[in-house]
Amino acid sequence: MKLKLIATLISGATVSLSALAQSGPIRIGVVTPLSGTYAGIGQQVKWGLDMAAKEINATGGVMGRQLELIYEDEEANPAVAVQKAEKLFQVGKVDFLTGTVNSGSTLAVGQVAERNNRLIATTVSFADSITADKCSPNVFRVNARAGMQSAALAEWMASTKPNANVFYLGPDYEMGRSTVAAFKAAAEGKGAKTVGEVFAPLDNKDYSPFFGQIRSARPAVIYTSVAGNDTVRLFTQMAEFGLSRNVQVVGASGTVTSQNLAAIGKAADGFVTGVGYSPSIDLPENKKFVTAFEAANKAKPDLYGADSYGVLFFYKAAVEQAKSTETDKVRAAMRGIQWSTPQGVKTMRAGDHQAMQDMYAVRVNSGQFEIVGKVAANAAIGPDTCSKF
Amino acid sequence: MSQVLEWLQFVLAPQMINGLSIGVAVVLMALGLTIIFGLLDVINMAHGEFYAIGAYVAVAILGLGLSFWWALVLTPVLMAVLGYVTERGLIQRVFHSKDRHTLTLLLTFGIAVVLEDVLKIIFGANPLRIESPISGGTELLGLFFPNYRLFVMGLGALLIASVWLLVFRTSLGAMVRAAAYDRHMSASLGVPVSRVYAATFAFGVALAGISGVLLAPIYSVFPTMGRDFVLIAFSVVIIGSMGSIKGAVLAGLILTQIQSISSLFISPVWNDPLLFGIMVLVLMWRPQGLFGKLGHA
């Protein structure tokens, strides 16, 4: 009798618990760098996510449930990111996870998600491998990858400087070598000639010894993928040595950002890069987004802020189509789904979980990024090379 | 033919001038090292950190609202005081021991480790930027060169020449050379040897400090900034003969030219291996270095 009562109580409790889980908030974990080198990027991620969650919750949430964001600082360190993600899945019981910045963190957290049978999406990481040879059935990417950025830039270069002589200068590590290789392939495919390439150590202080090879190669275009403070030094020294006169400088989307633009100053003018977002995209949804973002955060959104804002609408669309938050159903819904973002409608390619979107070539002009070219989503995305699912 | 001339003018010449501007800075560092070694027989492992402190002193002086030029004048004075105190308070204590070479090497190495961490604690590990006090560039015969680097080259050459005159053309320099040649004999002739030692060490440290200030706007300022730079200076001193002023100047200029010109054909990341390779060869074939020794020159 007593036993039966307890059994009833327990089963009653489980029923009400699961009922609670279905009606309580949907928990979304955010593992992102809130301190350290990438704190500036983490800030944009947080601004974008907070704004999207507020908008979604104000208009009735997702299937009537509110979104709840739980932040963890990953310090741009894959080892820390793994621990924090594990904690969010196991203890925080989050339904979905996003926010990773460093490509290494995204790959590592993707493995944690596979073990926990949950889904993650990155809104920042560029490395092509995340949705190519190292793709995972549990990992989606809503932002543009490095290959798409190269495609947009190569297209712009081919139309403004056809068959140009290009010199490549990259930072001497994985990211630098892969971005140079990717852009070189894209540019040569469109007729550009390579006249030299050289790699400088990360955190290099003096680029002047590298200028000799550039002078002797006489390029019309210099491509670089240095980032952060390295860009500040490289661009300042190139200007000081008169090297950027009569040469078009182009580069990776991370080379000049709103974070180092002020420090580079006038030396950044004329720089062109390929990106998936610019505040000056001429779409009504983007104008609305930029106005609201600036009002809320007293700062302009960059690509990280915009894509992090968009990811919650991606998740919302998938959950509403699946009518569930269960991993398998949501994954099935995410494949091929279309959702609207500040950049317009994006499509999640089913084969490799890479979002397809229009790409832009943007030029720095007195501290502003202005759009100078556009490549359609289909032309920019490149082949699906994921073979894991 | 015109192509060759054009290459010489627009590719080789700027690279050599740039090598010269780096060379002058390297020579300034190497001079301090070689003078301290030539006189005190001390290998100053902390020389790179004194160079870093020079740069940070300039950061602090600029932080007080004074101009870069004040920093350039005040830093060597403050660094000389620091050098004098270090020599009197620390190096003198182990200087008269039988294991002088080992002890001073370990002592200055210890000072280097401590100083680097002190800088980290006070100023943080992130690089700080000093705005270049002279902006813009000069165009000459179709060559474009930053004004500040031209200034560093000019002032550096002036400093090197002054050091040369001071050591070889003044009675002060004669005392220093005498003490280096035979300190017992000099002492009995009335040269205040221990004060000459401290003053020479202070002078070497001041040279490191002024190099730090001069190069801060080019390389930016960070706690480990002395580490790579002092390795180059050490190689220059070893190749040019430990203790030789002429050797430091000539080796410094020749080696930086080799680095600059080779950078046209191979990646500049090979500059350091190239330098160390030359050093190994010199040590194998002419271990005393290419030139003479202070006091014997």
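This is a predicted model: local features need pLDDT of at least 70, side-chain atom pairs count only at pLDDT 80 or more; totals for chains, interfaces and linings use all residues.

Colleague: What makes A:C135 and A:C386 a disulfide?

Modeller: The sulfur atoms of A:C135 and A:C386 are 2.0 Å apart. The criterion is a pair of cysteine sulfur atoms within 2.5 Å, and therefore the pair qualifies. The link is right-handed, with 75 degrees about the S-S bond.

Colleague: Why is this pair said to tie parts of chain A together?

Modeller: A:C135 belongs to the loop between strand 4 (119–122) and strand 5 (139–141), whereas A:C386 belongs to the segment after helix 13 (377–381), so the link joins parts 251 residues apart in sequence. Both A:C135 and A:C386 are buried.

Colleague: How do you know that the side chain of A:N138 makes a polar contact with the side chain of A:R331?

Modeller: The distance between the two side chains is 3.3 Å. The limit for a pair of N or O atoms is 3.5 Å, and therefore A:N138 and A:R331 meet the distance criterion. The side chain of A:N138 also reaches the backbone oxygen of A:R118, at 2.8 Å. Beyond its neighbours within four places in sequence, A:N138 is in contact with several residues, including A:A113, A:E114, A:N117 and A:L119.

Colleague: What makes the phi values of A:N163 and A:R218 worth noting?

Modeller: Phi of A:N163 is near 50 degrees, a positive value in a residue other than glycine. A:R218, which is not a glycine either, has a positive phi of about 45 degrees. A:N163 is found in the loop between helix 5 (146–160) and strand 6 (165–171) of chain A, and A:R218 in the loop between helix 7 (208–217) and strand 8 (221–224) of chain A.

Colleague: Why is A:N163 called partly exposed?

Modeller: Its relative accessible area is 48%. Exposed means over 50% and buried under 20%, with partly exposed in between, so A:N163 is partly exposed. A:R218, at 46%, is likewise partly exposed.

Colleague: Let us turn to the interface. How is the size of an interface often given?

Modeller: It is often given as the accessible area lost when the parts come together. Chain B and chain A bury about 2000 Å² between them, 53% of it on carbon and sulfur atoms. The contact takes 27 residues from chain B and 23 residues from chain A.

Colleague: What makes A:R245 and B:E139 a salt bridge?

Modeller: Their closest N and O atoms are 3.6 Å apart. The cut-off is 4 Å, and therefore the pair counts as a salt bridge. The count between chain B and chain A is 3 salt bridges. On the chain B side, helix 1, strand 2 (143–146) and helix 8 (193–219) each supply at least two residues, and helix 1 gives the most, with 8 residues. The residues on that side divide into 17 nonpolar, 6 polar and 4 charged.

Colleague: B:L39 is placed in helix 1 (residues 2–40) of chain B. How do you know whether B:L39 is buried or exposed?

Modeller: B:L39 has a relative accessibility of 5%. The limit for buried is under 20%, so B:L39 counts as buried.

Methods: Residues are numbered from 1 along each chain as its sequence is written. Chains are lettered from A and ligands numbered from 1 in the order in which they are written. Side-chain values use heavy atoms; hydrogens and water are left out. Helices (H or I, at least four residues) and strands (E, at least two) are DSSP runs, numbered from the N terminus. Buried means under 20% relative accessible area, exposed over 50%, partly exposed in between (1.4 Å probe, protein chains only). Contact means heavy atoms within 4.5 Å. Buried area is the accessible area (1.4 Å probe) that two parts lose on being put together, summed over both. A salt bridge is a side-chain nitrogen of Lys or Arg within 4 Å of a carboxyl oxygen of Asp or Glu. Ala, Val, Leu, Ile, Met, Phe, Trp, Tyr, Cys and Pro count as nonpolar, Asp, Glu, Lys and Arg as charged, and the others, Gly among them, as polar. A polar contact is a pair of N or O atoms within 3.5 Å; within protein, one must be able to donate a hydrogen and the other to accept it, and residues adjacent in sequence count only if both atoms are side-chain atoms.
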